[in-house]
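Subject: Structure handover and findings

Dear colleague,

The structure is below, followed by notes on what was found in it. Please read them with the coordinates open.

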Amino acid sequence: MRSAKIWIPAAALVAILVVVIGVVGFGQETSATVSFSNDIMPMFLASCAACHDSEDPSADLNLETNVWENIVGVESTRVEPPMAFVKPGDPQNSYLIHKLAGTHEEVGGRGQRMPRGRDPWTEEQMELIIRWVSEGALNN
C-alpha cells in the first residue's frame with residue numbers, strides 16, 4: 001500500500017511557518033517563569049539600589065541586599081491603608097507596582113514615582129515585574 005503525498009504550495013508553507021513562529025516564538029521560550037535573580041534583581045540594582053542601599057536606605061527600604069525578603073509580603077509604611085510592597089500573585093495590590101507606574105497616590109500612597117530622579121521603567125520592564133508578581137513573586 002502506497003502512502004499518499006501531500007503537496008503544499010510554497011506560499012502556503014511560508015504562511016504556516018510565519019503563524020507558528022509568531023505564536024510560539026523562534027528560539028525563545030515565551031512561557032518561561034520570570035527569574036528573580038536573573039530578570040528582576042538586575043533592574044533593582046541598576047535603578048533603585050543607589051538610593052535604597054544597605055547603608056542608608058531611602059524610606060527604610062533596602063533594595064541592594066536581601067531584596068526578596070525586604071519586599072515580598074512586607075507592608076509598606078508609605079501607603080494607607082497598608083499594602084504589601086509585593087503581594088505574590090496580585091500585582092494590582094502590590095505597592096511597588098504602583099510606585100513604579102506612578103499610580104501610588106490612587107491607592108493611598110505618597111511621595112514620588114520611582115525611580116526618583118531617573119527615567120521611569122520601560123514598558124518591557126513593567127511587564128516583566130508584573131509578570132513576576134503574577135507568577136507568585138518567586139525567589140528563584
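The largest pocket has a lining of 23 residues, and His 52, Ser 58, Ala 59, Lys 99 and Met 114 are the ones nearest its centre. A pocket here is an open set of points on a 1 Å grid over the protein atoms alone, where a 1.4 Å probe fits and protein lies on both sides within 12 Å along at least five of seven lines; lining residues have an atom within 4 Å of a point. The space in this pocket is about 400 Å³, a volume being the space filled by probe spheres set on the points, which are joined across faces, edges and corners. Helix 4 (residues 95-101) supplies the largest share of the lining, four residues. By type, the lining has twelve nonpolar, six polar and five charged residues. Nonpolar covers Ala, Val, Leu, Ile, Met, Phe, Trp, Tyr, Cys and Pro, charged covers Asp, Glu, Lys and Arg, and the others, Gly among them, are polar.

Two points on provenance. The model is predicted: local features need pLDDT of at least 70 and side-chain atom pairs count only at pLDDT 80 or more, while totals for chains, interfaces and linings use all residues. Residues are numbered from 1 along each chain as its sequence is written, and side-chain values use heavy atoms, with hydrogens and water left out.

On the fold, the protein has five helices and zero strands; helices (H or I, at least four residues) and strands (E, at least two) are DSSP runs, numbered from the N terminus. Of its 140 residues, 31% are buried, where buried means under 20% relative accessible area, exposed over 50% and partly exposed in between (1.4 Å probe, protein chains only). Among contacts (heavy atoms within 4.5 Å) with a separation of 6 or more, 47% are between residues 24 or more positions apart.

Helix 2 (residues 36-47) has Phe 36, Ile 40, Met 41, Met 43, Phe 44 and Ser 47 as its buried residues. Seen down the axis of helix 2, these fall within an arc of 150°, so they line one face of the helix; the arc is that of the directions from the helix axis to the C-beta atoms. Asn 38 and Ala 46, on the other side of helix 2, are exposed. The buried residues pack against helix 3 (67-71), helix 4 and helix 5 (123-134).

In helix 5, Ile 129 is buried at 0% relative accessibility. Leaving aside neighbours within four places in sequence, Ile 129 is in contact with Ile 40, Phe 44, Leu 96, Ile 97, Leu 100 and Trp 121.

Some backbone details to check. Cis peptide bonds join Glu 80 to Pro 81, with omega about 5°, and Met 114 to Pro 115, with omega near -5°. Pro 81 is in the loop between helix 3 and helix 4, and Pro 115 is in the loop between helix 4 and helix 5. Ala 137, in the segment after helix 5, has a positive phi near 50° and is buried, with a relative accessible area of 1%.

Regards
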